[in-house]
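Me: Hi! Could you walk me through this structure in plain words?
Reply: Happy to, let's have a look together.

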Amino acid sequence: VKSNPRLRLAVDKALAANMAKDAIERAIKKATGELEGVDYEELRYEGYAPGGIAVIVDCLTENKVRTVGEVRHAFSKHGGNLGTDGSVAFMFKVKNAMIKAGLQPEESGVTMRAENDIKISGETAEQVIKMLEMLEDLDDVQTVYSNAELEQ
């Protein structure tokens with residue numbers, strides 16, 4: 001864990017969210033393939049939430065069929081729809097856009113930030129929040145990114 005800053009950050013976030021140490025260790029074993037007889041693969045799903053909000057969902061799973069079904073269900077239950085590969089990812093290329101514009105970032109990290117956020121409020125915001133929370137609660141989901149900007 002000490003030699004892997006991404007893993008250290010993930011463990012720190014899990015501990016801050018009061019996740020049990022057993023669950024953290026199990027998740028690490030799952031991610032590193034240490035659980036015997038189980039092959040995991042990384043998957044990325046893209047789609048749209050209500051209000052035209054772009055969403056990217058990164059997963060780690062041993063059962064693609066189950067995971068895509070769960071992700072699709074979360075999208076459709078809350079008025080969104082799953083898209084094809086690349087349907088929204090092009091909107092999250094901030095670092096490359098900066099470099100093309102002649103700007104050199106002082107630092108960069110592993111994250112997905114949208115080039116343009118979309119302001120949403122009211123019922124649409126409620127639907128989007130419910131959808132994003134449902135996606136984040138799925139066991140195989142690692143990270144959920146969106147370009148939603150909630151108005152105060």
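**Chatting through the fold**

Reply: Helix α5 (residues 122–137) lies across β1, β2 and β5, and runs at about 155° to β5. Helices (H or I, at least four residues) and strands (E, at least two) are DSSP runs, numbered from the N terminus. The axes are lines fitted to C-alpha atoms, for helices over the stretch in contact, and angles run from 0 to 180 degrees between N-to-C directions.

Me: Thanks! Before we go on, what kind of model is this?
Reply: This is a predicted model, where local features need pLDDT of at least 70, side-chain atom pairs count only at pLDDT 80 or more, and totals for chains, interfaces and linings use all residues. Residues are numbered from 1 along each chain as its sequence is written, and side-chain values use heavy atoms, with hydrogens and water left out.

Me: Okay, the sheet. What is the order of the strands?
Reply: The order is β3-β1-β2-β5, in an open sheet of four strands with antiparallel pairing. At the edges are β3 (81–82) and β5 (141–146), each pairing on one side only. Two strands pair if DSSP finds at least two bridges between them.

Me: How many bridges do β1 and β2 pair over?
Reply: Nine bridges, in the antiparallel sense, between β1 (residues 41–49) and β2 (residues 53–61). Along that pairing, glycine 47 stands opposite valine 55, and arginine 44 has aspartate 58 as its bridge partner in β2. The two strands form a hairpin with three residues between them, and glycine 51 in the turn has a positive phi of about 80°.

Me: And the other pairings?
Reply: β1 and β3 are antiparallel over two bridges, with glycine 47 opposite leucine 82 in β3. β2 and β5 are antiparallel over five bridges, and there valine 55 stands opposite serine 146.

Me: Is β2 largely enclosed or exposed, and why?
Reply: Strand β2 is largely enclosed by the rest of the structure, because nine of its nine residues are buried. Buried means under 20% relative accessible area, exposed over 50%, and partly exposed in between (1.4 Å probe, protein chains only). Both faces of β2 are covered: one side has Ile53, Val55, Val57, Cys59 and Thr61, and the other has Ala54, Ile56, Asp58 and Leu60.

Me: Which residues have the most contacts inside the largest nonpolar core?
Reply: Those are Val55, Val57, Val71 and Leu135, in a core of 20 residues. At least two core residues come from each of β1, β2, α3 (64–77), α5 and β5. Helix α5 gives the most, with five residues. Apart from this core lies another of nine residues, including Ile56, Val88, Ala89 and Met112. A nonpolar core is a set of buried Ala, Val, Leu, Ile, Met, Phe, Trp, Tyr and Cys residues joined through side-chain atoms within 4.5 Å.

Me: What does valine 71 touch?
Reply: Not counting residues up to four places away in sequence, valine 71 touches Tyr45, Val57, Cys59, Leu82, Leu135 and Leu138. Contact means heavy atoms within 4.5 Å.

Me: Now the loops. Where is asparagine 147?
Reply: Asparagine 147 lies in the loop between β5 and β6 (148–150), and it counts as buried because its relative accessibility is 2%. Its side chain reaches the backbone oxygen of asparagine 116 at 3.3 Å. Leaving aside neighbours within four places in sequence, the contacts of asparagine 147 include Gly52, Met91, Phe92 and Asp117.

Me: What about aspartate 140, buried or exposed?
Reply: Buried, because aspartate 140 has 3% relative accessibility. Aspartate 140 lies in the loop between α5 and β5. Beyond residues up to four places away in sequence, aspartate 140 touches several residues, among them Lys30, Asp58, Arg66 and Glu70.

Me: Why does asparagine 18 count as exposed?
Reply: Asparagine 18 counts as exposed because its relative accessibility is 72%. Asparagine 18 lies in the loop between α1 (5–16) and α2 (21–32). Its phi is near 60°, a positive value in a residue other than glycine. Most residues other than glycine have a negative phi.

Me: Last one: where is glutamate 151?
Reply: Glutamate 151 is in the segment after β6. The C-alpha atoms of glutamate 151 and serine 121 are separated by 5.5 Å, though these residues are 30 residues apart along the chain. Glutamate 151 counts as partly exposed because its relative accessibility is 45%.

Methods:
Polar contact = N/O pair within 3.5 Å; in protein donor to acceptor, adjacent residues only side chain to side chain.
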